[in-house]
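Thanks for making the time this morning. I would like to walk through one model with you, going from the overall fold down to a few individual residues, so please have the display in view.

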Amino acid sequence: MLKSTFCHLPGVGAATEEKLWKAGIVEWSDIIEGRSAPVSVKKLMAMQKGCADSLRHLENGDVEWFGKNLPAAVQWRMFPYFMDKAAYIDIETTGTNFDYCEITTIALWTGSEIKTYINGRNLDDFAADIAEFPLLVSFNGKCFDIPFIEKFFGIRINAAHIDLRFVFRALGITGGLKGIEKHFGINRGDAEGLDGFFAVLLWNEYEKYADEKALETLLAYNVMDSVNLENLMVRAYNLHIKGPCCRELDPLEQRAVPENPYKAHRDVVDKILSRHNGGF
């Protein structure tokens, strides 16, 4: 599908892209080879250069170039070409203010390994590790996770970034990560029912009482936020290719969800809920 994408070219929007498809211009090669297209001569010449550049960047495996040029809602199109370079990321924080709040934990699923980072222990290792991945997949990471990371660590992340919030919105599927998981029948096991607000309470419990079970519960929740992104990415891609533009592309196979190395302790959850409901 990436080779059938034209909306990343200057002066080409979704409407022009669809017009090209209807005219039988369905791949970059059609433009490069000079097939007649329903655009002006000037635009066609610009598109020929753009398609040649796109093909060169694809052959060079330059996922970052596509990340910078593809609109957020269609970045799913590059996933099959670069999925072996992807990492799935989620952060937990003490709040939403970039200037005053801190990152507490980070979960990174590489497709083969779960990595976790904890404030006060190994959080500083994250900056070097994330630099190894040219493609990131998140949910709402363009608005929150990545800007927060860049501010907190004082780094710039140049990786291509597929934000599933926008990819699902283009399908008419809206809401938060947990709601979209429920839409697809994804169960979180012992971390079911936990959310970002409760993640803050878990971190507070850990810091105030040195409660390792609270920390493990937070990590269990954080890991689920990251590992579930892979199958959500696959589901989003498979739904998008059902559209008329995709010319019977083969769907991607669902991945086996890795075993969570951490456990959510419901007794800790109940204790915090009791204290919180009691006015704490």
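Asn140 sits in the loop between S4 and H7, and it has a positive phi of about 65° although it is not a glycine.

Before going on, a word on the basis of all this. The model is predicted, and local features need pLDDT of at least 70, side-chain atom pairs count only at pLDDT 80 or more, while totals for chains, interfaces and linings use all residues. Residues are numbered from 1 along each chain as its sequence is written, and side-chain values use heavy atoms, with hydrogens and water left out.

As for the overall picture, the protein has 12 helices and five strands, taken as DSSP runs numbered from the N terminus, with helices (H or I) of at least four residues and strands (E) of at least two. The C-alpha atoms fill a box of roughly 70 × 40 × 30 Å along the principal axes, and buried residues make up 50% of the 280 residues.

Turning to the sheet, the five strands form an open sheet in the order S3-S2-S1-S4-S5, with mixed pairing; two strands pair if DSSP finds at least two bridges between them. At the edges are strand S3 (114-118) and strand S5 (160-163), each of which pairs on one side only. Strand S1 (residues 86-93) and strand S4 (residues 135-138) run parallel and are joined by three bridges, and Ala87 stands opposite Leu136 in S4. Helix H7 (residues 145-153) lies across S1, strand S2 (103-109), S4 and S5, running at about 70° to S1; such angles run from 0 to 180 degrees between N-to-C directions, with axes fitted to C-alpha atoms, for helices over the stretch in contact.

Met233 is found in helix H11 (residues 212-240) and is buried, with a relative accessible area of 0%. Leaving aside neighbours within four places in sequence, Met233 is in contact (heavy atoms within 4.5 Å) with Trp76, Phe79, Tyr88, Val137, Ile162 and Leu164. Met233 and Leu136 are 97 residues apart in sequence and 11 Å apart in space, C-alpha to C-alpha.

Next, how do H10 and H12 pack? H10 and helix H12 (residues 266-277) pack at an angle of about 95°, with their axes 11 Å apart. That makes H10 roughly perpendicular to H12, a label covering 65 to 115 degrees. Among the residues that meet are Phe197, Leu201 and Glu205 in H10 and Val268, Ile272 and Arg275 in H12.

Finally, the aromatic rings. The structure holds 13 aromatic pairs, with rings of Phe, Tyr and Trp (its six-membered ring) pairing if their centres lie within 6.5 Å, and planes under 30 degrees apart counting as stacked, over 60 as edge-to-face and the rest as tilted. Trp203 and Tyr206 form a tilted pair, at 5.1 Å centre to centre and 50° between the planes. Both lie in helix H10 (residues 196-209), three residues apart, about one turn of the helix, and both are buried. Elsewhere, ring pairs link Trp28, Trp65, Phe66, Tyr81 and Phe82 into a cluster.

Technical notes: Buried means under 20% relative accessible area, exposed over 50%, partly exposed in between (1.4 Å probe, protein chains only). Angles under 35 degrees count as roughly parallel, over 145 as roughly antiparallel, 65 to 115 as roughly perpendicular and the rest as oblique.
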